[in-house]
Amino acid sequence: MALRGNLRDFTITQLLNLINLASKTGTLVIDGVSEQAHVSFREGKLAYARIGKEDGNLASVLYKSNKINANQYKAIIERAGQMSDKELGLLLINAGYVSREDILLNLQSYFTDQLRRLFTWVEGIFRFENELLPPEDRINVRLDLENIIIEGSRQLRELEQLQDEIPSLDMALKFTERPLTNVNLSVDEWKVVKFVDPKNSMRLIARTNKLSEVEIRRIVYGLLQAGLVELVRPTDAPMPQSAKPLAPQEIEEKKSLVNKLIGRIRSL
Amino acid sequence: MQTVKMVVTGPFSAGKTQFIQSVSEIDVVATERKISSEDERSVKNATTVAMDFGRITVDQDLVLYLFGTPGQKRFDFMWEILSEGMLGFIVMVDSTRPETFREARSILETFRAYAPTPFVVAANKQDREDAWDLEDMGHALRLDKHTKLLPCVATEKDSVKTVLLELLYSILSEIDGK
């Protein structure tokens, strides 16, 4: 039976646990809301991972981790563009730019980060392709999944707590009366703050900033805790029947009804 | 005959059933079941699984129904159904159990999302020594200054009446557009 389904029913943590226990070899392909992820395993261990357009080639991984500088990176792209990562790795080791350990540690760290990003995905269709192995021109790693699963479970608990705090992303945000001065915000927090407006639902803000549900919840939770924003119903949300403006006669009728109720409760 | 509805909601064991019982002219039609979870049983023995139902007859033509929601999250599918057409709602919070404040906030936000009707928050068990101060509760519940946070003792009829009246005053203000 093919291993396929929806992340809503089967979480990333559960999937990794299954792959680990069954010592599976192949590639987990996940079609997320806006990106596709490919995560490859050999005998239940993480071998390779990429999400979306970031293909995680060796040169970009080493550049991002400051193992090579911008000029070296540019030179590699220009001169060794057709080279496989394995060939490029050998070339860099022989030239004394990096060690074998540097390459492996940085790739492990990069693939683990990719996998961590997946833990924030709560929507998406997945399938496990037994026949699909990691790309041959890329260097594979061999990482135990246990620690990643433990970390993922922790994130899952955090997600559940965040969902308790902010149950619906269809609510909007508005600033409280506390002034937004002397506040140190991260880049992502600023991105959200920029769109704080009762017209914008949190879902819209997340979509605009390409933030996952967990990421937007985490940022909004921080802003709420700091007392900088509060949750409000979006101003352009469709009003339920009872909230539609009342005609003058209906207003008088409703007032009379409420006054009757007040009178009755007082007399209890 | 016209009927109007108010909903009493809040976390598990906040005192919703007791609140309705204190003012209902009929015995509350409760749907309580024995609690199976050991953790929850340490708080109380029975809980509401569908809804509580109390009644206050105003006159021959008007009846107020009070609906109490089940407090446990696993029954939250009932909330939206119960909130339909309500005049307003009351969020009950047990002032002595700060561990439930976060859930109370979540329930409050959920109901606000269902319907933009007026609401008040009732800080129940304010007669207990270990009850939190209203001001601290307001901060913990992240209530804005316009939200009414009222002291309440659900076993006392006068206290429950005050909460209901404050909700009705809020409804009246909203009709007047204040």
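# Close-up views of a predicted two-chain model

**View 1. Helix H1(B) against helix H6(B).** The axes of H1(B) and helix H6 (residues 157-175) of chain B cross at roughly 100° and come within 9 Å of each other; axes are lines fitted to C-alpha atoms, for helices over the stretch in contact, and angles run from 0 to 180 degrees between N-to-C directions. H1(B) is therefore roughly perpendicular to H6(B), a term used for 65 to 115 degrees, with angles under 35 counted as roughly parallel, over 145 as roughly antiparallel and the rest as oblique. From H1(B), the contact uses B:Phe19, B:Ser22 and B:Val23, and from H6(B) it uses B:Lys157, B:Val160, B:Lys161 and B:Leu164; two residues are in contact if their C-beta atoms, placed from the backbone, lie within 7 Å. By class, this contact has four nonpolar, one polar and two charged residues. Nonpolar here covers Ala, Val, Leu, Ile, Met, Phe, Trp, Tyr, Cys and Pro, charged covers Asp, Glu, Lys and Arg, and polar covers the others, Gly among them. Helices (H or I, at least four residues) and strands (E, at least two) are DSSP runs, numbered from the N terminus.

The model is predicted: local features need pLDDT of at least 70 and side-chain atom pairs count only at pLDDT 80 or more, while totals for chains, interfaces and linings use all residues. Residues are numbered from 1 along each chain as its sequence is written, and chains are lettered from A and ligands numbered from 1 in the order in which they are written.

View 2. Eight of the eight residues of H1(B) (residues 16-23) are buried, so the helix is largely enclosed by the rest of the structure. A residue is buried if 20 or more other C-beta atoms lie within 10 Å of its own, exposed if 12 or fewer, and partly exposed in between, with C-beta atoms placed from the backbone. H1(B) lies across S1, S4, S5 and S6 of chain B and runs at about 25° to S4(B).

**View 3. The six-stranded sheet of chain B.** The strands of this open sheet follow the order S4-S5-S1-S6-S7-S8, with mixed pairing; two strands pair if DSSP finds at least two bridges between them. Strand S4 (52-59) and strand S8 (149-151) of chain B are at the edges with a single partner strand each, so one side of each has no neighbour in the sheet. S4(B) and S5(B) are antiparallel and share seven bridges; B:Phe67 in S5(B) is the bridge partner of B:Phe53.

**View 4. Contact between chains A and B.** Chain A contributes 26 residues and chain B 28 residues. On the chain A side, H10(A) gives the most, with 11 residues. The class count for that side is 14 nonpolar, two polar and 10 charged residues. H10(A) also lies across S1, S4 and S5 of chain B, at about 100° to S4(B).

**View 5. The five-stranded sheet of chain A.** This open sheet has the order S1-S5-S2-S3-S4 with antiparallel pairing. Its edge strands are S1 (4-6) and S4 (45-51) of chain A, each pairing on one side only. S1(A) pairs with strand S5 (residues 125-129) of chain A over three bridges, and A:Asn6 stands opposite A:Ile125 in S5(A).
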